[in-house]
Amino acid sequence: MERDGKIKIFTGNANPKLAKEIADILGATLGDAVVGQFSDGETNLQINESVRGSDVYIIQPTSQPVNEYLMELLILIDAVRRASARRITAVIPYYGYARQERKSKARDPITAKLVANLIVAAGARRVLSMDLHANAIQGFFDIPFDHIPVAPILAKYYKGLKNENFCVVSPDLGGVTRARDLANRIGAEFAIIEKRRPRANVSEVLNVLGDVKDKDCILVDDIIDTAGTITKGAALLKKFGAKTVIACCTHPVLSGPAIERIENSDIDELIITNTIDLPPEKIIDKIKILSVAPLLAKAITNIHEDESVSRLIK
């Protein structure tokens, strides 16, 4: 994979385990970079190898603490640009600030666009990300953007269970496309939870559209943050007669009371991916982690060799 020695993979402190796993699959080694902090909290970076003429991939989700990891990403991009890298791809498995992608009321910021501007200004010439909260974010970039859904990974897992009683459920109207895609991939039935959100991180579930009685329900979302939506959805599905509820998400933000809520909820199992590095204290018995490293490694291979990325997700 390390064609002519010109591919370089670097990472900050957000998810070095994922970066190492991707590098191992590619038969490469992680670039020699030390990302630390000065005593006042400013990010301090030292790259200890040449990147001149290299195809550089910087693997850095902008997860919690999002501002710190975002600055690490920007500084890494800037450093390799100034060191004469040939092409710089920002691999952002989890794109932070994606939930602020439009103005829903007066004087709201569009922070997802601001972050896009910063990434481009730093020197990135391509972005690779997974399961954006809003697909329209791709349009915020004036550089190539490869967007990979996690549905193929989830579908492979659920097909392996050989369960013909599945019903895929969207936790709200906004997730219908994602849930329907997964349902089609595994040949399952499909349902929707009707929900309204009066304010940020607060949701109210109202009704279930579809038949979930005696079904093994797969409740699928892109992000689980405080787990209010997913746990209330699971309770509603059990109320409507669901046999079991398996929740799944791409990005396990799991902030605040999330772990306690999941532990005490009607969720029988929670399937997550490693786009975000979950600390050990948050990995409870209900949680199963699937790796996105093989899919990202294939995408990086295709980008490096100027081949199609979209064929990986069909």
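In helix α6, the residues G228, T229, I230, T231, G233, A234, L236 and L237 are buried. The model is a predicted one. Helix α6 covers residues 228–239. At 1.5 Å a residue, its 12 residues should span 16 Å, and the end C-alpha atoms lie 17 Å apart, which agrees. After α6 comes G241, with a positive phi near 100 degrees.

Helices α2 (residues 66–82) and α3 (residues 111–122) pack against each other, their axes coming within 8 Å. The axes cross at roughly 25 degrees. Angles under 35 degrees count as roughly parallel, and α2 and α3 are therefore roughly parallel to each other. From α2, the contact involves L70, L73, L74, I77, D78 and R81. From α3, V115, L118, I119 and A122 take part. Of the residues in this contact, eight are nonpolar, none is polar and two are charged.

Four aromatic pairs occur in the structure. In one of them, the ring centres of Y95 and F141 are 6.1 Å apart and the planes stand at 75 degrees, so the pair is edge-to-face. Y95 sits in the loop between β5 (87–92) and α3, and F141 in the loop between β6 (126–130) and β7 (145–148), so the pair ties together parts 46 residues apart in sequence. Both Y95 and F141 are buried. Ring pairs link Y95, F141 and F145 into a cluster.

Y157 and Y158 form another pair. Their ring centres are 5.2 Å apart with planes at 70 degrees, so this pair is also edge-to-face. Y157 has 17% relative accessibility and counts as buried. Y158, at 1%, counts as buried too.

Note on methods:
Residues numbered from 1 in each chain as written. Predicted model: local features only at pLDDT ≥ 70, side-chain atom pairs only at ≥ 80, totals over all residues. Heavy atoms only, no water. Axes fitted to C-alpha atoms, helices over the stretch in contact; angles between N-to-C directions. Helix = DSSP H or I, 4+ residues; strand = E, 2+ residues; numbered from the N terminus. Parallel < 35°, antiparallel > 145°, perpendicular 65-115°, else oblique. Contact = heavy atoms within 4.5 Å. Nonpolar A, V, L, I, M, F, W, Y, C, P; charged D, E, K, R; others polar. Expected span 1.5 Å × (residues − 1). Buried < 20%, exposed > 50% of the residue type's maximum accessible area, 1.4 Å probe, protein only. Phe/Tyr/Trp six-rings, centres within 6.5 Å; stacked < 30°, edge-to-face > 60°.
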